[in-house]
Amino acid sequence: MRAARRLPAIAFLILLSAFTACSGGGNPCEIPDDLVNEDGVSVGVAFDIGGIGDKSFNDAAKRGFDQAVDDGLVSEATCIEPNESGSNRDENLLALADDGFDIVFGIGFAFSPAVNANAGNYADQQFAVIDGYATCPPDICADIPNPAPPNVTDLTFKEEEGSFLVGVAAAMGAQ
């Protein structure tokens with residue numbers, strides 16, 4: 001239950017950093033001893049193609065993760081980067097779930113089918129897909145096999161708001 005209450009805070013911090021970038025070396029999610037919060041939640045992060053240093057989505061998620069650590073929300077963490085083709089994406093996600101992390105993040109929509117298909121097997125853990133669609137009804141999303149288990153959250157962006165602003169800017173420039 002502790003993880004379910006902290007998911008919104010950690011998710012917010014990851015989304016908050018969507019326009020920043022960072023790079024890392026070694027274990028990208030190693031928590032310094034002085035920042036470990038024994039009362040925090042354990043977090044597993046599966047990055048998508050490009051991994052840390054992509055100057056995009058993965059880096060933004062890593063920055064949010066770092067902020068959650070700095071804020072004392074995390075007790076233990078592991079991050080896994082995919083192989084070059086991303087063919088081990090689902091394997092990485094399931095490895096984190098098998099390791100028993102309180103919250104398992106898939107960074108990117110491509111994790112949605114695997115989260116939807118497997119999260120029900122890990123009822124005591126929370127799963128979140130950044131920019132995901134794992135909760136999409138199966139009759140609408142063909143590659144989503146099941147109704148989403150209650151331990152799944154899609155953390156999505158409001159792309160339509162940015163698109164609207166681009167449309168307004170274009171219309172104003174056309175005058």
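Colleague: Which residues of helix α3 are buried?
Modeller: In α3, residues 89–98, the buried ones are R89, N92, L93, L96 and A97. Buried means under 20% relative accessible area, exposed over 50%, and partly exposed in between, with a 1.4 Å probe and protein chains only. Helices are DSSP runs of H or I with at least four residues, strands are runs of E with at least two, and both are numbered from the N terminus.

Colleague: Where do they sit around the axis?
Modeller: On the same side of α3, because they cover an arc of only 140°. That arc is taken from the directions from the helix axis to the C-beta atoms. An α-helix has 3.6 residues a turn, so residues three or four places apart point the same way.

Colleague: And which residues are exposed on the other side?
Modeller: E91 and D98.

Colleague: What covers the buried residues of α3?
Modeller: The cover includes the strands β1 (41–46), β2 (74–80), β3 (103–107) and β4, plus α4. Contact here means heavy atoms within 4.5 Å.

Colleague: Before I go on, what kind of model is this?
Modeller: A predicted one: local features need pLDDT of at least 70, side-chain atom pairs count only at pLDDT 80 or more, and totals for chains, interfaces and linings use all residues. Residues are numbered from 1 along each chain as its sequence is written, and side-chain values use heavy atoms, with hydrogens and water left out.

Colleague: OK. What follows α3?
Modeller: G100, with a positive phi near 85°.

Colleague: Now Q125. Where is Q125 found?
Modeller: In the loop between α4 (112–118) and β4 (126–130).

Colleague: Buried or exposed?
Modeller: Q125 is buried, at 10% relative accessible area.

Colleague: What does the Q125 side chain reach?
Modeller: The backbone oxygen of F101, at 2.9 Å. A polar contact is a pair of N or O atoms within 3.5 Å; within protein, one must be able to donate a hydrogen and the other to accept it, and residues adjacent in sequence count only if both atoms are side-chain atoms.

Colleague: Which residues is Q125 in contact with?
Modeller: Leaving out neighbours within four places in sequence, Q125 touches L96, A97, G100, F101, D102, V104 and N151. L96 and A97 are among the buried residues of α3.

Colleague: Switching topic: M172, buried or exposed?
Modeller: Exposed, with a relative accessible area of 58%. M172 lies in helix α5, residues 159–173.

Colleague: Last one. How many helices and strands are there in the protein chain?
Modeller: Five helices and five strands. Along the sequence the pattern is α-β-α-β-α-β-α-β-β-α. Of the 175 residues, 44% are buried.
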